[in-house]
Amino acid sequence: MFLSGIRVLDIGSYVAGPAAATVMSDFGADIVKVEPLAGDPYRTLLGGVLAEYPNFFWDQDSRNKRSLSIDFTTDAGRDAIDRLIARSDVVITNYRPELLARLKLSYEDVRALNESVIYGQVNSYGLDGPDANRTGFDATAWWARSGLMDHVRRPNGAHAVSSPGMGDHPTSMSLFGGIMAALYRRQRTGEGAHVHTSLLANGAWSHCMMIQGALIGFDLSDQRSPDDVARAPLAAMYRTRDDRTILLSILNPEKEWPKFAAALGHEEWVDDARFVDRVARYEHREELYEALVAAFGSDTVQTWRDRLDGAGITYSVAQTISEVVNDEQMYVNDVLTEVEPGDHFYAYTVNSPFWMNGASKRTPRLAPGIGEHTTEVLKEIGFDDAEINAMLDDGIARQREGK
């Protein structure tokens with residue numbers, strides 16, 4: 001694994017920063033996850049509502065890591081953190097800038113202990129400006145603030161809440177990419193680096209095509225109406241007879257229109273003056289939309305799958321989560337990958353989203369319990385048994401029971 005030997009200190013919480021460490025762990029990096037004595041609050045995000053299930057949020061984003069549970073506001077706890085910083089290649093955090101300054105864990109503080117460190121930082125709204133220290137999550141900074149939340153709703157329809165982690169995970173990939181670029185530069189120059197990104201910046205990047213248009217005045221968000229669903233009939237959603245949704249994405253209609261019309265059983269549309277070419281189809285777009293509504297509504301989703309697949313049409317069915325986890329394509333491409341066997345509920349987990357020829361990935365190991373590796377990590381950085389026992393007895397550190 002090409003990141004074997006790289007040491008990463010994960011001093012963050014929830015998702016956007018720590019998930020970048022998770023990706024590094026997949027390729028062999030050693031991740032020490034620093035947690036407060038009560039554990040990362042991400043562990044309890046699901047609450048008691050789903051008590052019959054394992055904490056699948058935590059397990060997804062904390063696999064392969066070693067947990068050090070310690071109060072680093074104490075002298076002994078801070079000594080441990082400083083020793084870890086001094087030996088780490090990468091330090092990752094998503095704490096607010098003012099909190100990092102108060103904890104003396106800013107880039108300047110960390111660099112003073114390790115000049116060659118790569119410091120990967122993510123926050124909600126960027127490091128400058130009036131909102132630099134404003135609290136936020138991907139739902140607020142990536143989804144709502146970027147304009148995505150407003151843009152994706154149907155005209156005049158209600159806004160939707162984003163899926164959990166929907167913006168955190170792509171943001172973590174930006175941070176991962178920046179960290180890897182900094183490691184490459186360090187290999188060439190010996191210099192450390194401060195790499196930073198934000199949820200807001202990644203939301204804007206996800207939404208950049210429409211933002212770019214708005215920069216020159218193309219903003220129709222206050223002019224949208226329910227009729228807009230018919231504006232591009234070949235790139236729209238349709239309901240089937242069995243109440244499923246098909247999303248068309250026909251972007252080269254001159255090539256695809258004849259075979260699409262045939263797949264729907266309407267070969268006569270090819271010569272219909274209303275639909276004969278791109279200009280005619282646009283002029284009669286509302287009529288075409290209504291014709292497609294009727295066509296798709298006349299049969300089941302499986303029929304349309306067979307016909308559209310047979311014709312090579314670009315489309316997808318809006319899959320339920322249960323369908324996703326039974327989708328063969330997910331397994332044959334290692335998107336859903338097997339985890340280490342053991343006394344747990346999981347057979348598979350969601351893999352990090354890229355692969356490299358000749359670079360193996362670690363078989364995912366279940367996320368750690370609170371302080372599962374506290375004693376192990378403290379010994380590695382030079383604390384003897386007496387010192388470790390004193391920290392445990394004094395409530396400065398926590399070791400998971402039975403470990």
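Predicted model: local features only at pLDDT ≥ 70, side-chain atom pairs only at ≥ 80, totals over all residues.

Me: What is the order of the seven strands in the open sheet, and what is the pairing?

Reply: Strands of a sheet pair through backbone hydrogen bonds, in either a parallel or an antiparallel manner. Here, seven strands are arranged as β6-β5-β4-β1-β2-β3-β12 in an open sheet with mixed pairing. At its edges stand β6 (193-198) and β12 (397-398); each has a single partner strand, so one side of each lacks a neighbour in the sheet.

Me: How many bridges join β1 to β2?

Reply: Strand β1 (residues 7-10) and strand β2 (residues 30-35) run parallel and are joined by four bridges. Opposite Leu 9 stands Val 32 in β2.

Me: Which strands of this sheet does helix α3 lie across?

Reply: Helix α3 (residues 75-87) lies across β1, β2, β3 (66-70) and β4 (90-93). The helix runs at about 145° to β3.

Me: What is the strand order of the open sheet of three strands?

Reply: The order is β7-β8-β9, and the pairing is antiparallel. The edge strands, β7 (237-239) and β9 (315-317), each pair on one side only. From one strand to the next, the twist averages 25°.

Me: Over how many bridges do β7 and β8 pair?

Reply: Strand β8 (residues 245-248) pairs with β7 over three bridges in the antiparallel sense. Met 237 has Leu 247 in β8 as its bridge partner. Across β7 and β8 lies helix α13 (residues 285-296), which runs at about 40° to β7.

Me: Let us turn to the helices. At roughly what angle do the axes of α1 and α8 cross?

Reply: Two packed helices are described by the distance between their axes and the angle between those axes. In this model, the axes of helix α1 (residues 18-26) and helix α8 (residues 168-189) come within 8 Å and cross at roughly 60°. The two helices, α1 and α8, are therefore oblique to each other. Their crossing is right-handed.

Me: Which residues of α1 and α8 make the contact?

Reply: From α1, the contact is made by Ala 19, Ala 20, Val 23 and Met 24. The residues of α8 in the contact include His 169, Ser 172, Phe 176 and Leu 183.

Me: How do the residues of this contact divide into nonpolar, polar and charged?

Reply: The contact of α1 with α8 has 10 nonpolar residues, two polar and no charged.

Technical notes:
Residues numbered from 1 in each chain as written. Heavy atoms only, no water. Pairing = 2+ DSSP bridges. Axes fitted to C-alpha atoms, helices over the stretch in contact; angles between N-to-C directions. Contact = heavy atoms within 4.5 Å. Parallel < 35°, antiparallel > 145°, perpendicular 65-115°, else oblique. Left-handed = near helix turned anticlockwise from the far one by under 90°. Nonpolar A, V, L, I, M, F, W, Y, C, P; charged D, E, K, R; others polar.
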